[in-house]
Protein chains: 2
Amino acid sequence: MPATLRDVAERAQVSMRTVSNVVSGYTHVSEKMRKRVLEVIDELDYRPNPVARSLRTGRTGLLALVVPEIDVPYFSALARDVINAAAAFGYRVMVDQTGHDHDQERELLTGADRTMLFDGILFSPLVTKAELLEMSSPTRMPIVLLGEHEFDGRYDHVAIDNVRAAHDAVAHLIASGRTRIAAIGAQPLEEYATPQQRTAGYESALSEAGIDIDPRLAKPAAHYSRADGYRAAAELLAQSRRPDAIFCFSDLLAMGAMRAIFDAGLSIPEDVAIIGVDDIEEGRYSRPSLSTVSLDTAFIAEQAIARVTARIDEPELPPREVVAPHALVVRESTAH
Amino acid sequence: MPATLRDVAERAQVSMRTVSNVVSGYTHVSEKMRKRVLEVIDELDYRPNPVARSLRTGRTGLLALVVPEIDVPYFSALARDVINAAAAFGYRVMVDQTGHDHDQERELLTGADRTMLFDGILFSPLVTKAELLEMSSPTRMPIVLLGEHEFDGRYDHVAIDNVRAAHDAVAHLIASGRTRIAAIGAQPLEEYATPQQRTAGYESALSEAGIDIDPRLAKPAAHYSRADGYRAAAELLAQSRRPDAIFCFSDLLAMGAMRAIFDAGLSIPEDVAIIGVDDIEEGRYSRPSLSTVSLDTAFIAEQAIARVTARIDEPELPPREVVAPHALVVRESTAH
DNA sequence: TTGTAGGCGTTATCAC
DNA sequence: GTGATAACGCCTACAA
């Protein structure tokens, strides 16, 4: 059995209060007392019970990070930075996976998990705006939305400007002389904000350049996975007039697309240029290396942690939108 | 303020005991009572407070997964499976990163975290055998060692047979006609078990084939990262007699090595064959696709969760070693 | 500066 | 089958 505060107090011949003060690094404790208490703590190998402390204080020091899949490189990079940023604030991070399941997402926010287990939630959602609004009212849990969702004024929110990011990527393709520019990642359902925004950026860049929008060049992708990218690219290449460039809504889609292009006997960037979004490390070592729109996951994580911890301390803070910077990174896959 | 058990009891005109029974799905509750209580629970939107429950029961339903870096593909794949397997047992998973820091590793096991916050720990360690033994005695926390550590009989342990895995990889290279076979991943310090075991497998395969072991062909790598793989491969290629094959101790090293080989103007597998370990998805889409030794992360995760939950329920279980299967996967990078 | 006591919300031990 | 009541281990007014 682990030693309790009471054990220490008895052994050291002091009150529990004093022991508690020593443990919590409280101010007014005489040197003599402190030393004696510390000795006994060491002797008994006492550690405060965090569960009891949490029950008393109402805080657990735990945050939840909710992502679709932790093994998607973008999310694992985000998790790395979130865990590190949280540690700097004295928080630890629980990782929950929704597996692209809307119901599970809603459950995680409104359901059994809107309990007192976490002090806050960092949520990288798939859900629609409507659903977010719907579930928003009942919870008082500090929540920060991560990634790429429209700001609806009800939640703290850290994201890049998706429309601009997509626009920048496509404008780069146009600037390098491409004219038949496909897109992979539009969502079959109209519910998702991110694909909509990126589609908007894609189309606006084309329009600005006076290029007609060809709906056959926009391919959906359900999960932003390599497999989806492969499939979509293969379909594009099988069409009558094939594209000379593809804007992929994620680097992972791009990795799959690149493989499909090679399997079709074509060259990158000579026959088809490729650009993605996320700047995962994989794209720096691939052949060719992958041009992309870089997202600063460390920045996103730090801002998110700053917001959620601020809200934990001050629940009535007005929600704020933080726009994270993005940057075009040109590598071999779009070099001319 | 969220409703408590007492609130529900008062409103439903029953005792807290009865409410608790209903919530816990306990057996002996009359239908009438149950219905009335459930109504009030719904009315008040009551959720049991997990912290209070934990204090009382001594269990948190939380597991810790300790890995060097969550954004290393192997670890994020492992985390995915661990989280899913844990969920099937009613547990949630906290992810801690040690960042290749020995002190942090030891701290996480013996230190402040050997508290009552977790019911158990899944630990993918870097530490030496000696250190593991040293820290082992004081803790009663159920711990399962994951990945590739020698079984020392003191902990539950789930891992592949590293010596055989390495042997199989190198034997495959030999069988495909390679004779100057390099290795990337040997550790500069003698402390790590995994590199030692893989080095042993590498050397035994060479010896069996009557190939002399050339120490200049064994390159160390500190972090099993792409950057380390790139660097080590570049060094190998700069040497007088360059290798015709490289066994990389991880797929990530292999991804870096492949890029280095291309940057040197050589072809894979024509000039140099490459094989890794882990079977990360990235290697299925790379060009060339990467031959590897596949580890079954789902199996490892399920076994680990099964062990740790069993030990939580029955602390005195004798530690057991589970050897996870591995399989050679031949892809383009070693095709002849 | 230190001691005492009450309660955080739940489950478990007693009675009935 | 159900109702009161004591812990679980800690923090913190309130006293001293």
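This note goes through the predicted model point by point, from its conventions to the DNA strands, the chain interface and one serine.

1. Conventions. Because this is a predicted model, local features need pLDDT of at least 70 and side-chain atom pairs count only at pLDDT 80 or more, while totals for chains, interfaces and linings use all residues. Residues are numbered from 1 along each chain as its sequence is written, chains are lettered from A and ligands numbered from 1 in the order in which they are written, and side-chain values use heavy atoms, with hydrogens and water left out.

2. Of the atoms of DNA strand C that come within 4 Å of the protein, sugar and phosphate account for 60%. By class, this surface divides into nine nonpolar, nine polar and six charged residues, where Ala, Val, Leu, Ile, Met, Phe, Trp, Tyr, Cys and Pro count as nonpolar, Asp, Glu, Lys and Arg as charged, and the others, Gly among them, as polar.

3. Polar atoms at DNA strand C. Arg56(A) instead places a polar side-chain atom 2.6 Å from a base nitrogen of DNA strand C. The elements that give two or more residues to this surface are helix 2 (16-23) and helix 4 (50-57) of chain A, together with helix 2 (16-23) and helix 4 (50-57) of chain B; helices here are DSSP runs (H or I, at least four residues), and strands are runs of E of at least two, numbered from the N terminus. Helix 4 of chain B gives the most, with four residues.

4. Surroundings of DNA strand D. An N or O atom in the side chain of Arg56(A) is 2.3 Å from a base oxygen of DNA strand D, whereas Thr18(B) has a polar side-chain atom 2.6 Å from a phosphate oxygen of DNA strand D.

5. Interface of the two protein chains. The contact (heavy atoms within 4.5 Å) takes 51 residues from chain B and 51 residues from chain A. About 4,400 Å² is buried between chain B and chain A, with carbon and sulfur atoms giving 58%; buried area is the accessible area (1.4 Å probe) that two parts lose on being put together, summed over both. The rule finds eight salt bridges across this interface, a salt bridge being a side-chain nitrogen of Lys or Arg within 4 Å of a carboxyl oxygen of Asp or Glu. In the salt bridge of Glu332(B) with Arg259(A), the closest N and O atoms are 2.6 Å apart.

6. Ser333(B). This residue sits in the segment after strand 12 (326-329) of chain B. Ser333(B) counts as buried because its relative accessible area is 0%, and buried means under 20%, exposed over 50% and partly exposed in between (1.4 Å probe, protein chains only). Not counting residues up to four places away in sequence, Ser333(B) touches several residues, including Met258(B), Ile268(B), Pro288(B) and Leu290(B).

How values were computed: A residue is near a molecule or strand if one of its heavy atoms lies within 4 Å of it. A polar contact is a pair of N or O atoms within 3.5 Å; within protein, one must be able to donate a hydrogen and the other to accept it, and residues adjacent in sequence count only if both atoms are side-chain atoms.
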